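Let's take a walk through a protein chain together. Keep the picture open as you read, and look up each residue when its name comes up.

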Amino acid sequence: MLEVRVLGNQPEPSLTSEGLEIVDFELRTRDEELFEKGKQIVNEYIEANPEWEMCQLFISDPMTVGIYPQDSTGAAFNSIVLELEALGFYGKAAGYRELT
């Protein structure tokens, strides 16, 4: 039997990985409304965690949200990445460190 995989119709893998913490990330979407919601979520996260002020990243083409701290020693963004992925964002890039 022929197995066919249609690109774009399978779920995107999560950026999270067991045993690792995300220290910076970029997630994308193809949906403008979702992009606006993602920007709102990232900004709310920054408001609740002022140590990451001015670390948020928004790119309109392609529609990308992210957080890139200058010093990632205290960063752990797994929860916000999972929240954005649950809405429909998919991973572009992430930096990791091992859980200690």
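What follows is a short tour, from the overall layout down to single residues.

## Before we start

What you see is a predicted model, so local features are given only where pLDDT is at least 70 and side-chain atom pairs count only at pLDDT 80 or more, while totals for chains, interfaces and linings use all residues. Residues are numbered from 1 along each chain as its sequence is written, and side-chain values use heavy atoms, with hydrogens and water left out.

## The overall layout

Which elements make up the protein chain? There are two helices and four strands. Starting at the N terminus, their order is β-α-β-β-α-β. Helices (H or I, at least four residues) and strands (E, at least two) are DSSP runs, numbered from the N terminus.

Of the 100 residues in the protein chain, 34% are buried. Here, buried means under 20% relative accessible area, exposed means over 50%, and partly exposed is in between (1.4 Å probe, protein chains only). The chain exposes about 6600 Å², and 49% of that comes from carbon and sulfur atoms. These areas come from the Shrake-Rupley method with a 1.4 Å probe, and for residues only the protein chains shown count as cover.

Contacts say something about the layout too; a contact means heavy atoms within 4.5 Å. Take the contacts in the protein chain with a separation of 6 or more: 74% of them are between residues 24 or more positions apart.

## Salt bridges

How many salt bridges are there? The count comes to three, where a salt bridge is a side-chain nitrogen of Lys or Arg within 4 Å of a carboxyl oxygen of Asp or Glu. One of them pairs glutamate 21 with arginine 97, whose closest N and O atoms are 2.8 Å apart. Glutamate 21 sits in strand S1 (residues 20–28) and arginine 97 in strand S4 (residues 90–98), so this pair ties together parts that are 76 residues apart in sequence. Arginine 97 is partly exposed, at 24% relative accessibility.

Another salt bridge joins the side chains of lysine 92 and glutamate 26 (2.8 Å, N to O). This pair also links distant parts of the chain, with lysine 92 in strand S4 and glutamate 26 in strand S1, 66 residues apart.

## Two buried residues

Now look at threonine 64, which is found in strand S3 (residues 63–67). With a relative accessible area of 1%, threonine 64 is buried. Which residues does it contact, leaving aside its neighbours within four places in sequence? They are Glu26, Leu27, Arg28, Phe35, Leu57, Phe58 and Ile59.

Phenylalanine 35 belongs to helix H1 and is buried, with a relative accessible area of 6%. Not counting residues up to four places away in sequence, phenylalanine 35 touches Thr29, Ile59, Ser60, Met63, Thr64, Val65 and Phe89. The C-alpha atoms of phenylalanine 35 and methionine 63 are 6.2 Å apart, although 28 residues separate the two along the chain.

Most residues other than glycine have a negative phi, and most peptide bonds are trans. With that in mind, check the bond that joins aspartate 61 and proline 62: it is a cis peptide bond, with omega at about -5°. Proline 62 is in the loop between strand S2 (56–60) and S3.

Methionine 54 is worth a look as well: its phi is positive, about 70°, although it is not a glycine. You'll find methionine 54 in the loop between H1 and S2, and at 70% relative accessibility it counts as exposed.
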